[in-house]
Amino acid sequence: MTRIACSIPLDEPGRHVGHLAVPFSDDAHAYGVIPVPIATLGGANGPTVLLAAGVHGDEYEGQIVLRRLLRTLDPASLAGRLILLPALNLPAVRAARRTSPIDGVNMNRAFPGDPDGGPTAQLAHFVESLLLPRCQAALDLHSGGTASEYLPCSYVYAGGPMAAAKTAMADAFAAPISIVVGTTAETRSLSAACERQGVPMIATELAGGGFVSSTALEIADAGTKAVLRHLGLLPAQPDDAARHTRPLHIPDRNHFLMCPATGLFEPLATLGDNVQTGTHAGWLHDADDPAVPPIPIKFASTGMIVARRLPALTRRGDYLFTTAVPLETP
């Protein structure tokens, strides 16, 4: 049984805006809750769709898109229901952090959650146990956060009985590229929760760097509305049939370029570049001794750069670049 109280009805028509009251007590807040924003927009009969953002607090495009959608979309125009969580990990959003400053937990590594656990685990349990069973589809809007930057894309987990439904959602979203990855071995993510609950879901990665990209914001806004049209909640538009994405995939771990030591990384490549195995990726400078010659870093794979690390100070084990290649379809 959940300890979280929801201040709004989840299944009634109309616009309802409120919060999830997540119990929390510490030295400064003896009797309080974390008021995580939640809203529903209910129209005529149709599917229920979960729209989430702010799973990581320093990823902003999705948070803005869902707030805008909440304010501007008329529930009477919907054939179905939206459940919006525009700041799911509210403590992380308030702190502009990837993880919650309350318990240090990454929301996307907290599912299926625990009703008796910390705040993040309680939230994950509420979403998986009480919200997803109501839903027929879900969209989780991520960006690169403070430390990373992506080419705007959707992420699709391949395989399983929902593969065709997810691929169709990615085509409707129509980001310039979509990254198709194997069925996730990470069981603690929202995508894994959706798999367990039988809910088709796609995620996004929209720019990053801790700022808001106007280009990525436009892609997210148009893509979210197009997915709702595809799912039948909004009326179709004439150009919907022409929307598509370019599917890529990441074949193996060689496509994640790992930093071999701690230092200052000077990149020689950028997002969208097509690189070959052995292409010079950049220089790694010793952070302590300026007389030490820099280490040349080279790509271990061929492909297009779809993500990059932003902070120059880098440690061994950090990924500097991610490359992907076109997905071969049968």
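**Exercise 1. Partners of strand E17**

Task: Find which residue in E17 is the bridge partner of Asn-274, then list the strands that pair with E17.

Solution. 
Step 1. The bridge partner of Asn-274 in E17 is Met-304. Helices (H or I, at least four residues) and strands (E, at least two) are DSSP runs, numbered from the N terminus. The model is predicted: local features need pLDDT of at least 70, side-chain atom pairs count only at pLDDT 80 or more, and totals for chains, interfaces and linings use all residues. Residues are numbered from 1 along each chain as its sequence is written, and side-chain values use heavy atoms, with hydrogens and water left out.

Step 2. Strand E14 (residues 274-275) pairs with E17 in the antiparallel sense over 2 bridges; two strands pair if DSSP finds at least two bridges between them.

Step 3. Strand E7 (residues 148-150) is joined to E17 by 3 bridges, and the two run antiparallel. Here Glu-149 stands opposite Arg-308 of E17.

Step 4. Strand E19 (residues 319-326) is joined to E17 by 4 bridges, again antiparallel. Arg-308 stands opposite Phe-321 in E19.

Step 5. As for burial, 5 of the 7 residues of E17 (residues 303-309) are buried, so the strand is mostly covered. Buried means under 20% relative accessible area, exposed over 50%, and partly exposed in between (1.4 Å probe, protein chains only).

**Exercise 2. Aromatic pairs**

Task: State how many aromatic pairs the structure holds, and classify the pair of Phe-299 and Phe-321.

Solution. 
Step 1. There are 4 aromatic pairs in the structure. Rings of Phe, Tyr and Trp (its six-membered ring) pair if their centres lie within 6.5 Å; planes under 30 degrees apart count as stacked, over 60 as edge-to-face and the rest as tilted.

Step 2. One of the pairs is Tyr-150 with Tyr-155: the ring centres are 6.5 Å apart and the planes stand at 80°, so this pair is edge-to-face. Tyr-150 and Tyr-155 are both buried.

Step 3. For Phe-299 and Phe-321 the centres are 5.3 Å apart and the planes are at 40°, so the pair is tilted. Phe-299 lies in the loop between strand E16 (295-298) and E17, while Phe-321 is in strand E19, so the pair ties together parts that are 22 residues apart in sequence.

Step 4. Phe-299 is buried because its relative accessible area is 4%; Phe-321 counts as buried at 2% relative accessibility. Ring pairs link Phe-265, Phe-299 and Phe-321 into a cluster.

**Exercise 3. Backbone features in loops**

Task: Locate Ala-174 and Ala-207, and decide for each whether the residue is buried, partly exposed or exposed.

Solution. 
Step 1. Ala-174 lies in the loop between helix H4 (163-173) and strand E9 (177-181). Its phi is near 60°, a positive value in a residue other than glycine.

Step 2. Ala-174 counts as partly exposed because its relative accessibility is 21%.

Step 3. Ala-207 is in the loop between E10 and helix H6 (214-230), and phi of Ala-207 is also positive, near 60°.

Step 4. Ala-207 counts as buried because its relative accessibility is 5%.
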